[in-house]
Amino acid sequence: MAETYLIAGLGNPGDEYAHTRHNAGFDTVDLIADRLGVRYWKTEGGALTAKAVYRDTDLVLAKPQSFMNTSGGPVKQLMNAYGVDADHLIVIHDELDIDPGTVRVKFGGGHAGHNGLRSICDKLNTRDWFRVRIGIGRPPGRMNVADYVLSLPRKEAKDDFEVACSRGAEAVYSLVDHGLAKTQQDFN
């Protein structure tokens, strides 16, 4: 029986949030789906999901539709539905403390004030799962963090954002293929 990974990209549903910095997870999951030829998404467990196969590994791609702050519910429901343990969960999310255009990968850790991660930690009762962190940097000047993460990146920032999402997708393939140490060596 093939291994199954749940690849959960975090974001907010709705056109008004499409391609904002906070939706880095959704954009990255969409890139993975495109590369793997996914054509069919369904609503399941509070998320849009699609199944794909990467090499010999089954992937469940997920975009929770409950809004960022309550992402943990859909993630837990999907883990239960597909029998996925926390060590086969890869969460893709935006990260303020990482430079734009940069990706970092880790296993475990806190939530650093990220409400989507906080929700997953709370629902799973563990912090031990993979994170693919898409760097968006800090807001300029005195701009409010919420306004920043919910805004569309422009010009160079848009290029950096797209590069980071693409690298994030590559980091997911690397985690599945090579595990954490090699992925961190290549991406961090």
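Helices (H or I, at least four residues) and strands (E, at least two) are DSSP runs, numbered from the N terminus. With that in hand, select helix H1, residues 24-35, and find Ile32 within this helix. The model is a predicted one, in which local features need pLDDT of at least 70 and side-chain atom pairs count only at pLDDT 80 or more, while totals for chains, interfaces and linings use all residues. Residues are numbered from 1 along each chain as its sequence is written, and side-chain values use heavy atoms, with hydrogens and water left out.

If you draw a line from the C-alpha atom of Ile32 to that of Val75, which is 43 residues away along the chain, the separation is 18 Å.

When its neighbours within four places in sequence are set aside, Ile90 is in contact with Tyr5, Leu6, Ile7, Ala8, Phe130, Val132, Val172, Leu175 and Val176.

**Second stop: the hairpins**

Now select strands S2 (residues 42-44) and S3 (residues 47-54), which pair in the antiparallel sense over three bridges; two strands pair if DSSP finds at least two bridges between them. Glu44 has Ala47 of S3 as its bridge partner. Two residues stand between S2 and S3 in this hairpin, and Gly45 in the turn has a positive phi of about 60 degrees.

Continue from S3 to strand S4, residues 57-64, with which S3 pairs in the antiparallel sense over eight bridges. Here the bridge partner of Leu48 is Lys63 in S4. The hairpin of S3 and S4 also has two residues between its strands, and Arg55 takes a positive phi near 55 degrees.

Follow the chain into the loop between S4 and H2, where Phe67 lies. Phi of Phe67 is near 75 degrees, a positive value in a residue other than glycine. Most residues other than glycine have a negative phi. With a relative accessible area of 40%, Phe67 is partly exposed.

Select helix H2 (residues 72-82) together with helix H3 (residues 115-124): they pack at an angle of about 45 degrees, with their axes 8 Å apart. The axes are lines fitted to C-alpha atoms, for helices over the stretch in contact, and angles run from 0 to 180 degrees between N-to-C directions. H2 and H3 are therefore oblique to each other, since angles under 35 degrees count as roughly parallel, over 145 as roughly antiparallel, 65 to 115 as roughly perpendicular and the rest as oblique. Gly72, Gly73, Val75, Lys76 and Met79 of H2 make the contact with Ser119, Ile120, Lys123 and Leu124 of H3.

In H3, the buried residues are Gly116, Leu117, Ser119, Ile120, Cys121 and Leu124, and what covers them includes H2, S5 and S7. Just after H3, Asn125 takes a positive phi of about 55 degrees; this residue lies in the loop between H3 and strand S7 (130-135). At 70% relative accessibility, Asn125 counts as exposed.

**Last stop: H5 and H6**

To see the contact, show Arg167, Glu170, Ala171, Ser174, Leu175 and His178 of H5 with Leu180, Lys182, Thr183, Asp186 and Phe187 of H6.

Notes: Contact = heavy atoms within 4.5 Å. Buried < 20%, exposed > 50% of the residue type's maximum accessible area, 1.4 Å probe, protein only.
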